[in-house]
Amino acid sequence: IFRHIICRNSVYPRSNVQRFPVPDEFVFWAENYAEYAPPFYTAPHIGGQSWADTPLPSDGAPPQWNHNDGQVNRVSFHGDYQIKDGLPQNPIGRTGLRGRGLLGRWGPNHAADPIVTRWKRDENGKVVSSSISGKKILQMVVIQRSDNKLWAIPGGMVDPGENVSVTLKREFTEEALNFSDKGNMVEQFFQHGEHIYNGYVDDFRNTDNAWMETTALNFHDENGTKVGQLQLEAGDDATNVRWTDIDARLKLHANHVDIVKEVVIKQDAHW
Ligand code: RP5
Ligand code: MG
Ligand code: MG
C-alpha cells in the first residue's frame with residue numbers, strides 16, 4: 001500500500017513551521033498514535049484569494065464535502081474522505097500538519113499533469129535505442145519549478161469550473177511555451193491524450209486536511225514533427241524547461257516519477 005513520504009517530517013515550505021514527526025508505522029489513521037499533536041498552519045497570504053476557500057472551522061455553511069458543484073470539485077479519486085472536527089481528513093494518512101498550509105482548498109486540490117513525450121533521435125533523425133535494454137528511449141518535457149527548484153511535469157491546478165482537458169493544455173502552454181499560442185497544431189496535439197493516472201500526489205504542500213490529487217495524461221509525438229519540434233520557453237512559475245531522457249536515473253518533484261513510469265510501461269520504452 002502507498003505511504004506518502006515527501007509530505008512528512010520536514011519544515012513546511014515557505015514557513016518555519018516544523019511538521020510533527022510521523023514514523024512510517026504511524027502514517028495510516030487506523031494506527032493509534034496517541035502522542036500525535038501536529039501544529040495548525042494556513043499560510044497567511046492565501047486569505048481572501050479568489051482561488052482559496054474561507055477559513056475553517058467557521059459558523060457559516062461548510063463546503064460541500066465529497067461533492068462537485070460544477071465550480072469546485074471536492075470529490076476525491078480515493079472515495080469518500082472523512083470529516084473530523086469539521087475538517088476533511090487526508091485519505092493516505094498523517095502528514096504532521098493540520099490546516100491548509102499553502103493549498104487553497106480544504107480536502108482535495110485538483111491538478112492536471114500533461115506528460116508530453118517523443119522518441120529520442122540521433123542527428124540523422126533515427127530513433128535511438130538503449131544498448132542495455134534494446135528498447136527505444138523516450139524523452140519528455142520537464143520544467144524546473146520556482147518554488148522548490150525541482151524538475152517536474154509541467155502541471156497545474158484546475159481552475160474553478162474548468163474542464164481538466166483544458167487545464168492540461170493551458171498549463172503546458174503557460175509553463176513550457178511561455179503562454180505563446182502556437183496555433184492549431186498544439187490544439188490538435190492536445191486532443192489525443194492517453195489516460196495515465198488519477199489520484200493522490202505526494203506533494204510537499206500536503207497536510208492532514210488539504211492534499212493534491214491529479215489527472216495525468218500522456219501526449220505522445222510519435223514522429224517528432226509536432227510539439228516534439230517546437231521551441232520550448234519557460235513561463236509562469238517555471239524557471240527552466242527542457243526535453244529530458246526518461247530512464248531509471250530520472251528524479252522529479254513529488255512522486256512524478258511514479259506517474260512517468262506508467263508511461264514507460266504503456267509505450268514499452270527503455271527505463
Ligand atoms: C503537483 O503540483 C501536481 O502533480 C502538479 O504538477 C502541480 C500543481 O501545482 P502547481 O504547479 O500549480 O503549484 O504536485
Ligand atoms: Mg502553472
Ligand atoms: Mg505548475
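Seven members of the 46-residue largest nonpolar core touch the most other members: Ile115, Val116, Met140, Val141, Ala176, Ile196 and Val260. Such a core is a set of buried Ala, Val, Leu, Ile, Met, Phe, Trp, Tyr and Cys residues joined through C-beta atoms within 7 Å; buried means that 20 or more other C-beta atoms, placed from the backbone, lie within 10 Å of the residue's own.

The largest share, six residues, comes from S10. Helices (H or I, at least four residues) and strands (E, at least two) are DSSP runs, numbered from the N terminus.

The model is predicted: local features need pLDDT of at least 70 and side-chain atom pairs pLDDT 80 or more, while totals for chains, interfaces and linings use all residues. Residues are numbered from 1 along each chain as its sequence is written, and chains are lettered from A and ligands numbered from 1 in the order in which they are written.

The protein has three helices and eleven strands. Its radius of gyration, taken over C-alpha atoms, is 20 Å, close to the 18 Å that the globule rule gives for 271 residues, so the protein is as compact as a globular protein of that length. That rule is 2.2 Å times the number of residues to the power 0.38. The C-alpha trace spans about 65 × 40 × 30 Å along its principal axes, and buried residues make up 39% of the 271.

Technical notes:
Buried ≥ 20, exposed ≤ 12 C-beta atoms within 10 Å, placed from the backbone.
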